[in-house]
Amino acid sequence: MARGPGAGLGRHASVRPGPARGAAHAGALLARWLRHAGDARARAARVPPPEALVLLHRGCAADTHAPLSRASTIGPVTSPRIAVLGAGIVGTAIAYELRKRGADVALVDRDEPGNGCSFGNSGAISVSSVAPLAMPGVLASVPSMLLDPESPLRLPLRYLPRAAPWLLQFVASARPHRVEQAAKQLAALHAGAVDMHEAMARELGVPGLFLRRGHLHLYIDDASLAKDAGAWRLREAHGVRAERLDRAGIEALEPDAPARYQVAMFLADHATIVEPFRYVQAMARAFAANGGRVVQADVQRLESRAGGWTLRGAAGEPFTHAIVAAGAWSNQLVAPLGIHLALESQRGYHVQYTDVRDVVSRTVVLTDRKVFVTPMEGGLRVGGTVEIAGLRAPPDPTRAAVLDRIAREAFPALEGRATTTWMGHRPCMPNSVPVVGTVSNHPGLWIATGHGHLGLTDSLPTARRIADALLGEGVAGRGA
Ligand SMILES: Cc1cc2nc3c(=O)[nH]c(=O)nc-3n(C[C@H](O)[C@H](O)[C@H](O)COP(=O)(O)OP(=O)(O)OC[C@H]3O[C@@H](n4cnc5c(N)ncnc54)[C@H](O)[C@@H]3O)c2cc1C
């Protein structure tokens, strides 16, 4: 789940350590098998030239601390007509920012805005999450996690051959120098996100959706905290301030925190959006009220015509720019253009206790369970799980049942309370760094996806970077 929030394979990999050598051996076997399966699939698939991806990553805002280059846009466009494909939090934030700066923008989605992955996330603005999911040593922990039915990671065997190429890249991303690089890129992208969301909630007229009360990461004891030392060191290296609390400190903040947690790390300046769906909807409404067009259409194909872009399946007008922000489905739109993103869905789940409001008062992370507990407007939300099973398989009710069990064990007051459950597709790159930028040889085509566990957090920074690069200070001036 929620790593952005936190849970996930690498970072919070709760290893049930068998003998270390056994795990390492199992890890090595898994790596060999993955390599074999990955090679076979790569041979079978039409593999695009690697340059496409390299260029995309070079165009990734997070790659540098500088704004995106405008070089590969379609040159000086005085009145751009822009289609944003995908009205999740990322696409909606981009459309909102571009319209605010005066551009003619259509926000296109087959569903109503915010109904994809952005519907049910944990709401955490996790600017300290600079550690990518792939951390050194992660591979050794995978076999034991896969064998544990309560584990935060699930990968059905039937999906393993499909996932193998992505998993291989994930493993390669865990090399120390690549972790450092990803952390730098993520920290650059996260910068200022808490303040941006606070200002946005105010601007949209929904200030009550923004809660700046910190995030509390609970650990059983110092030994379990020590297992996460790598991630906390990375946070510290990037200027994150966190305070270690003992049990008395925990109770001062959250009196009902489960007794088994004796130690915590508190991120005082962190924030939470207490109803992520309503947040996207408010943004989409404000976009429309400011002259933006919300178009409901299932885009079948993106076509480049006469120096512009048309959307098959949507209105026939040509656009000067197309921005693909279709989350975990983005490959379906760019693959026919010969662009293949190393994007995989990490399916996450939540259970929401609809009539419960007073168990915790801020985002609380049960680190041993890789679970986020959030006081949402509509009840207590417990989110987590990383399930790598693709876009087509139906939700697996046993994953939500595991979350429910974990929640009731931690907070007995939840026993017997009414629940709703949900599953969403996190769009994940192997190195956890989103793809934000332009594509060489495809003038006017932009991509903004792969935000993984941090799409809510990074939506506004992504939108700002794209608008800066595409429009500069605005067609009709900022705030038009
Ligand atoms: C359990 C869970 C907890 C999480 N917690 C957090 C958190 O606390 N903090 C955080 O920052 N992040 C969190 N995340 C991650 C975050 O929710 C995602 O990164 C984010 O929602 C991705 O947004 P998106 O706009 O890229 O994708 P989506 O919200 O999935 O939007 C993509 C949109 O594209 C549309 N689309 C796709 N293809 C087409 C097409 N062909 N034609 C028309 N429309 C199309 C879809 O209908 C969809 O609306 C969590 C995720 C999960 C699953």
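The legends below describe close-up views of a predicted model. Residue numbers start from 1 along each chain as its sequence is written.

**View 1. Residues around the ligand.** The shell around the ligand holds 45 residues, of which Gly88, Gly116, Gly327, Gly348 and Gly455 come nearest. A residue counts as near a molecule or strand if its C-beta atom, placed from the backbone, lies within 6 Å of it. At least two shell residues come from each of helix H4 (89-100), strand S2 (104-109), strand S14 (344-353), strand S18 (419-428) and helix H15 (455-471). Helices (H or I, at least four residues) and strands (E, at least two) are DSSP runs, numbered from the N terminus. The shell is made up of 18 nonpolar, 22 polar and five charged residues. Here Ala, Val, Leu, Ile, Met, Phe, Trp, Tyr, Cys and Pro are nonpolar, Asp, Glu, Lys and Arg are charged, and the others, Gly among them, are polar.

**View 2. Packing of helix H4 on helix H12.** The axes of H4 and H12 (residues 276-289) are 9 Å apart, at an angle of about 30 degrees. Axes are lines fitted to C-alpha atoms, for helices over the stretch in contact, and angles run from 0 to 180 degrees between N-to-C directions. The two helices, H4 and H12, are therefore roughly parallel to each other (under 35 degrees; over 145 is roughly antiparallel, 65 to 115 roughly perpendicular and the rest oblique). The contact involves Ile89, Thr92, Ala93, Ala95, Tyr96 and Arg99 of H4, together with Val280, Met283, Ala284, Ala286 and Phe287 of H12. Residues are in contact if their C-beta atoms, placed from the backbone, lie within 7 Å. Nine nonpolar, one polar and one charged residues make up the contact of H4 with H12.

**View 3. Packing of helix H8 on helix H15.** H8 and H15 pack at about 85 degrees, with axes 9 Å apart; H8 and H15 are therefore roughly perpendicular to each other. On the H8 side are Ala193, Met196, His197 and Met200, which meet Thr457, Asp458, Leu460 and Pro461 of H15. The contact of H8 with H15 has five nonpolar, two polar and one charged residues.

View 4. An open sheet has the strand order S3-S9-S5, with antiparallel pairing. Strands pair if DSSP finds at least two bridges between them. S3 (124-125) and S5 (210-211) are the edge strands, each pairing on one side only. Two bridges join S5 to S9 (residues 271-273) in the antiparallel sense, and phenylalanine 210 has isoleucine 273 in S9 as its bridge partner. H8 (residues 193-203) lies across S3, S5 and S9, at about 40 degrees to S9.

**View 5. The six-stranded sheet.** Six strands form an open sheet of mixed pairing in the order S10-S2-S1-S13-S20-S19. Its edge strands, S10 (293-296) and S19 (435-438), each pair on one side only. Neighbouring strands of this sheet are turned against each other by 20 degrees on average, direction ignored. S2 pairs with S10 in the parallel sense over four bridges; leucine 107 has valine 294 in S10 as its bridge partner.

Methods: Predicted model: local features only at pLDDT ≥ 70, side-chain atom pairs only at ≥ 80, totals over all residues. Contact = placed C-beta atoms within 7 Å.
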